[in-house]
Amino acid sequence: MSAAPLDGKVALVTGGTGGIGRETALGLAKLGATVVVVGRDRARGEQAVEAIRCQSGNERVELITADLSSLDQVRWVAERFGAMHPRLDILVNNAAGAFAERTETTDGFEATLALTHLSPALLTHLLLPRLRASVPARIVNVGSGLHRWATMRWDDLQSTGGYRGLEAYGRAKLLSLMWTYELARRLRGTGITVVAADPGSAWTPMAAAMVPSMAPVSLRLAWPLLRRLQRRRTPAAAARSSVVAATSRELVSGAWVDPRGTAARSSTASHDGEAALRAWETTAKLLDVPLEQFAAVRTARKAAAPQKAAVHSRIPRSGWAPAVYRDDSAVAEEATAAA
């Protein structure tokens, strides 16, 4: 897929000071974007910013320090970014978390759910006005192949009835993916393209911190093999899908980009329209955002009806058949005129 040059564009990458997020930020900086990275540790963040500047030859790399497990700090990030830049062309929700033991955030949410889904959902909601002002714009939500093995527990999203780190992570990624597809449906025709990206396995700080007890029993026998596969793949290779998702001219809204950087099909469960609507409404309730205001551009569920589009024929398919539409950059002028 062809990448668009990003001179004059502004990108925000969460979890952008290490691992896949840092490599994603580097890729966008190399293409000429002004890149704002969000990270929890200031010293590590300053080192990452300097490294990205040196490796990309692009001095327009900036840092916001925040702990995104706190929803108050998510709100602060949106406020701080708004004070820094009048536009936002690319939002990459990369930050996520998987933990060995169940913990709760300062807001009382299970940490995996908070950091992997609630935080990016709230940040997207808060930054939508900036994205709308910058159309054609793009939202990239970084997913995980673990969503394919996840089963939603709608009555226990907080994992109070038993916790395995990777099971909770897979559920949070499935919830996030369903929410992402619903967001794509609701933003259809606005000039904002919504894409999900699967980085695949890689040796990242989060991967290095994993322990066998985090895995379901069925996966523990394969744990040594999983670790070998992770060590064989670098964060730079894993960031390819996110950079493609953020820059490809061919992708349509609602696409899923696999670890090879090609459009593919996510799990059947992730395309359950009723479950996606439930994910949308549940997320709004957990975030205490009135449903009619949540990511409000087009709230009528009727607007989510799939439409066939000839642009599908231009996308490498790999068995791909998601409920998606034409590339919303094609209607950017129309959306700008209507704004």
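How far apart are the end C-alpha atoms of H1, and what span should its 12 residues have at 1.5 Å a residue? In this predicted model, the 12 residues of H1 should span 16 Å, and the end C-alpha atoms lie 17 Å apart, which agrees.

Helix H1 covers residues 19-30. Nine of its 12 residues are buried, so H1 is largely enclosed by the rest of the structure. The buried positions are Gly19, Ile20, Gly21, Thr24, Ala25, Leu26, Gly27, Leu28 and Ala29. Just after the helix, Gly32 adopts a positive phi of about 105°.

Two packed helices are described by the angle between their axes and the distance between the axes. The table gives these values for two pairs.

| Helix pair | Angle between axes | Distance between axes |
|---|---|---|
| H1 (residues 19-30) and H10 (residues 240-247) | about 45° | 9 Å apart |
| H3 (residues 71-84) and H4 (residues 111-132) | roughly 25° | within 9 Å |

H3 is therefore roughly parallel to H4, since angles under 35 degrees count as such. Their crossing is right-handed. On the H3 side, the contact comprises Leu71, Val74, Arg75, Val77, Ala78, Phe81 and Gly82, while H4 contributes Leu118, Ser119, Leu122, Leu123, Leu126, Leu127 and Arg130. By class, the residues of this contact are 10 nonpolar, two polar and two charged.

H1 and H10, in turn, are oblique to each other, and H1 passes H10 in a right-handed crossing. Here Thr24, Gly27 and Leu28 of H1 meet Ser242, Val243, Ala246 and Thr247 of H10. The contact of H1 with H10 has three nonpolar and four polar residues, with no charged residues.

Terms used:
Residues numbered from 1 in each chain as written. Predicted model: local features only at pLDDT ≥ 70, side-chain atom pairs only at ≥ 80, totals over all residues. Heavy atoms only, no water. Axes fitted to C-alpha atoms, helices over the stretch in contact; angles between N-to-C directions. Helix = DSSP H or I, 4+ residues; strand = E, 2+ residues; numbered from the N terminus. Parallel < 35°, antiparallel > 145°, perpendicular 65-115°, else oblique. Left-handed = near helix turned anticlockwise from the far one by under 90°. Contact = heavy atoms within 4.5 Å. Nonpolar A, V, L, I, M, F, W, Y, C, P; charged D, E, K, R; others polar. Expected span 1.5 Å × (residues − 1). Buried < 20%, exposed > 50% of the residue type's maximum accessible area, 1.4 Å probe, protein only.
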